[in-house]
Amino acid sequence: QSTIKWRMQTYAGAALAEHVVKPAIDMFNTIAGDRMQIELFYADQLVPTGELFRAMQRGTIDAVQSDDDSMASPTEVTVFGGYFPFGSRYSLDVPVLFNQYGLNEIWDEEYSKVGVKHISAGAWDPCHFATKEPIHSLADLKGKRVFTFPTAGRFLSQFGVVPVTLPWEDIEVAMQTGELDGVAWSGITEDYTVGWADVTDYFLTNNISGAWAGSFFANQGRWNELPEDLQTLFRVCCDQSHYYRQWWYWGGEASLRVDGTKMKLTTIPDAEWAQVEEAAVKFWDEIAAESPTKAKVVEIFKKYNADMQKAGRPYRYG
Amino acid sequence: MPRFILRYIRAIEALNRFIGRIAMYLIFVLVGVLLWSSISKTFFVPSMWTLETAQFVMVAYYVLGGPYSIQMGSNVRMDLFYGGWSLKTKAWMDAFTVFFLMFYLGVLLYGAVSSTAYSLGYFGMEPFDFFWGLLKTLLTEGPGATGEKLGYLERSSTAWRPHLWPIKTILCTGVLLMLLQCLAELFRDIGRIRGVEL
Amino acid sequence: MSYEMIAIVMFAGMMLMLMTGQRVFGAIGFVGALAGLMLWGTGGSEIPFSAAMKLMKWYPLLTLPMFIFMGYVLSESKIADDLYKMFHVWMGPVQGGLAIGTIGLMVLISAMNGLSVAGMAIGATIALPELLRRGYDKIMVTGVIQAGSSLGILVPPSVVLVLYAMIARQPVGQLWLAGVVPGLMMAAMFILYIYVRCRIQPHLGPVLPEEERNVPMSEKLRLLRAGLLPLVIFATMMVPFVNGWTSLVESSAIGAMTAFVAAILKGRMTREVFETSVRSTLAISCMFMWIILAALGFGAIFDGLGAVKAIEDLFTTQLGLSPWMILILMQLSFILMGTFLDDTAMLVIVAPLYVPLVGALGFDLIWYGVLYTITTQIAYMTPPFGYNLFLMRAMAPPEIGLRDIYWSIIPFALVMVLALSLVMIFPEIALWLPDYVYGK
Ligand code: NA
Ligand code: NA
C-alpha cells in the first residue's frame, strides 16, 4: 500500500509557520509514517493566498490553514474569520464560541455546501497596530496605509485608515519601499517573530479584536478518502497546534510588551477608543442585515459577550 | 494555400493588432493611476483602490498586448542554434514546436476559464458546460434569467473588494487571442515551408 | 518518480525545449504545464493560470513597464545626444577618451533607468557610429557599449535588484544603495582598462584631430549643462522615494513621467518618437511579463513536486561542501545557465532556489544581491546566449559581425570577474554605503 501524500498550504509565511503550523505537521508525519505524509507549503508558495480556497476546492491543494477572510471563501461566514472587530477579547473565547456556542455547526454546514471540509477552528493573537509613526489618537490613524485583513480593513476605513492587501511575504519589503505605513495584522509576538518589529517603531496597545479565528480545512473528497484513524490523527494534530498557539501567543504578548526593545508602546485613551467599540456595534448590525446566516452568527457573538459580561471578573473587567 | 487560411491570418492579425494598439496606451493609464496614488497620498487621504487598479491595468496591458508582441517578434528565443538556421529550417522547427507553445496556452486557457467560472459562482468541474449553459439561457431566456444562474460572485480579498470576474475575463480573452495568433503563426510557417510569404 | 528524478527531468526538458528556438516563455511554460498535468494529480492543470494571479499581486512588477518606458523615451527622443556631446568635447583630447566618455555616459544613463536596454540603445545608436567614424577599434567599442550598458542594473534604480529584493525578502532601498559603489568601481575599472590599453596600443583609440578639439571654453561649459538632466530625473525619482514620500512603484511612475515631460520640453517628442517608445515599451514589457508568467507557473509546479527539496538536499548534504564552495559553485552555475537561460527566467526560476540557501549558509543577503547582479551581468554578456548580445546584434551597424561582438566581450567580462571577486573578498565595498545611510 502506497503512502498517501497531501499538499497543504498555510496563509502564514515560513517564519510564522515555524510556530503556528509546522510543529503539528511534523508531528503528524512522524506518527503517520509510511501511511501518510503531508508536505507543508508557506504563504503564496504554490498559489497566491487569494486563490487558496479555490485551489483547495478544486483539489490542486489538499489542505489549507487560513482564516476564512484572507482566502476569500465564498461562504456566509467569511467576514467572521480573521479579525471580526471586537468579536472576542481573549484567545480562549474562540474555541468556546466554536465548541460551546454553536459556531462549529454553522461552519460545517456552510463549508459542506461548497465542497470543503471544515476541520477545526482555533485562536491566534489579538489585532494591534504596528506603525512607523506613533499613534496616540484616532486622528493619527488618518491616511495610514496599513496591511490588514479584508474585513478588519473595511471596518477601520471609517477612521481614515487605508487598508492594503499584499502577499504576506512582501510586507517587510513593502514597509521599506513605502507601500505601507504599518500593519494591523497581529499582536507583538508575531511582529517580533516575522521581522516586522525591525521595520516598524511603534506598537499600539489597543486592539480591535482579542483573537484571530483561523481554521484547518481539507478538500472534501480527499478528506473522505482518509481512513478514520488518520482523520482522527489529523484532528488531534490540529488541536495540538491550537494548544501550542494558546500559550505561545499569550505568553509572548506579555513578555514582549515588558521586555521587548524594538518597539515603543503607545496607547489611545479608553474614552477615545470607546468610539471604535461603538462603531463595531454598528458594524455588527450592518453585517447581520446582510443575510440570515450572518444574523445568526452575530446573535451568537452578542449572546456570548453578554454572558461573559454577566460572569464578571476574570471574564470581563468593567 | 486555401483562401480561408489567408483570410484567417488577415482577420486575426488585424484584430490582434487593433486590440494590441489600444492596450499599448494603457501605459499612460498605469502612469496616471500611480501618479494619482502619489498625489492623493501627499495632499489628501490616500485612495484604497489605486494599487489594485494598477495591478489590473498591468494584467490587461501585457495579456491583451501579448498577441501584438508576437506579431512584432519581440518574444526572445534562445538562438544558440536557431539563429544560424535558414528561414526554411526555422519555419520547419517553429511549425513543429509551436504546438508546445499552444499546449501551454491551452492549459493556461483552461485554467483561466475554470477560474472565471468560479468567479461567477460555479464550483463544479465542468466550466465549459457552465458557460455553455449560460449562453443558452442568455439566448433563450434573456439576461435576467442568466443573472439568476450565477452564484456567489468572487471578490478580491481586500478591503476594496472588487469583483474578480472582469479581470479574469480579460485574461481569458487575452490567452484565447494569443492562441489564435499562434495558429496564424503556424499557417505562416507552413506557407514559408512551401515557399510563400503569407 | 523520485524528487531528484523530477528535478532532472524538468530541468533537462526545459533546456531541450529552449534549444529548439521556440519562444522562451513557450518552452518554459510547456514543460511546467506538462509536468502539472502528468505528475501533480488532481488540479495540476490550474497552476499555470494561478501563476497569473500571483504575478498580478507581485506589486514591484509595476515598475517594470515604467522603467522600460523611461528608457525608451530617453533613447528614442535622443535627449541623451547632448550628454554624449558633453563627454565628446571634454574627453576628446585624451587617448581613448571617447571610449572613456562613453562609459561616463553609460553611468549617467544607468542612473536614469532600471534596465540595460536603454544604455544599449543609446550606446549603439549615438556613441557607436561616432566612435567608428573617429577610427576607434570596432571590437573595443562594441565591448565598451555592452559592458557600460550592463551598469544599468547595478546602479540604482535597478529592476533586477527590485525583483531580487522580492525573492530574497530584502529591503530595496538598501540593495539599491549597495549597488552604487560596486557599480562606480566597475565603471572605474572599465575606464582604467580602456586607458591602459589605449596607452599601449594607441591605434585602438586615437586622440581627436586638432580642428575638432578647438572648442571654445564657453561652448564647453554650455555643454556641461546637459549633465543636469540626468541629475534632475534621478532626483525627482529618488528623493521622494528615499524620504518615504512616495512608494517605489509611485516613484517609478514619477520617473517615467519626468522623462516624458523632459522630452516634450526639449521639443524631441515627435509623433514618431512617441509611437516608437510606446510600442517598444509594450513589446519589451510583454516579453518580460510572459516569461515571468511562465516561469512562476514552472516554479510552483517544480516546488510542489518536491524538486526544490531535491536541489537543496544536493547542495547542502549530498555534496558535503563548505559554505564558500557552495557560493562559488552557485555563481559558476549562474554563468553556465546564463549561456542557456534567459535572464528573467533565471531570476524567477533559479534565484528562488538559491537565495534561501545562501541565507541559510549565513551570508548577508544584501551583499549577495550585488554578487548576484554582477554575475547575471556577466551571464547576459557571455556567448552563446546573452540578452545583451542579442540586443547588440540587433542594434549594431552592419560592419560589426557576430564574431566581433563575441570577441569584444572577453576583456570586459574578465574585468567584471575581477570586480566580482573584489566584492566577494571585501563585502564592505557593497555594504558600506547602505550601512552608512541606514545606520545599521
Ligand atoms: Na495574526
Ligand atoms: Na539603473
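1. The side chains of B:R21 and C:E275 form a salt bridge with an N to O distance of 2.7 Å; a salt bridge here is a side-chain nitrogen of Lys or Arg within 4 Å of a carboxyl oxygen of Asp or Glu. B:R21 belongs to helix α1 (residues 3-24) of chain B and C:E275 to helix α15 (residues 271-304) of chain C, so this pair joins two chains. Helices (H or I, at least four residues) and strands (E, at least two) are DSSP runs, numbered from the N terminus. As a general point, side chains of opposite charge can pair when their charged atoms come close.

2. The structure is a predicted model, in which local features need pLDDT of at least 70 and side-chain atom pairs count only at pLDDT 80 or more, while totals for chains, interfaces and linings use all residues; side-chain values use heavy atoms, with hydrogens and water left out. Residues are numbered from 1 along each chain as its sequence is written, and chains are lettered from A and ligands numbered from 1 in the order in which they are written.

3. The model scores ipTM 0.91 and pTM 0.90. The pLDDT is the predictor's confidence in each residue, from 0 to 100. Chain B has an average pLDDT of 91, and 100% of the residues score at least 70. For chain C the mean is 84, with 95% of its residues at 70 or more. Confidence in chain C is lowest in helix α20 (residues 387-395), at a mean of 68, and highest in helix α2 (residues 24-39), at 94.

4. Between chain B and chain C, 64 residues of chain B are in contact with 61 residues of chain C, contact meaning heavy atoms within 4.5 Å. The two chains bury about 5800 Å² between them, 75% of it on carbon and sulfur atoms. Buried area is the accessible area (1.4 Å probe) that two parts lose on being put together, summed over both. Three salt bridges are counted between these chains; among them is B:E185 with C:R23, whose closest N and O atoms are 3.5 Å apart.

5. The contact between chain A and chain B takes 27 residues from chain A and 21 from chain B. About 2100 Å² is buried there, and carbon and sulfur atoms give 57% of that area. One salt bridge is counted between these chains: A:E51 pairs with B:K168, the closest N and O atoms being 3.4 Å apart.

6. In chain C, the axes of helix α1 (residues 3-19) and helix α16 (residues 307-318) come within 8 Å and cross at roughly 105°. Axes are lines fitted to C-alpha atoms, for helices over the stretch in contact, and angles run from 0 to 180 degrees between N-to-C directions. α1(C) and α16(C) are therefore roughly perpendicular to each other, the class for angles of 65 to 115 degrees.

7. Two local features of the backbone deserve a check. The peptide bond from C:P156 to C:P157 is cis, with omega near -5°, and C:P157 is in the loop between α8 (138-149) and α9 (159-168) of chain C. A:D44 has a positive phi of about 60° although it is not a glycine. In general, most residues other than glycine have a negative phi, and most peptide bonds are trans.

Definitions and conventions:
Angles under 35 degrees count as roughly parallel, over 145 as roughly antiparallel, 65 to 115 as roughly perpendicular and the rest as oblique.
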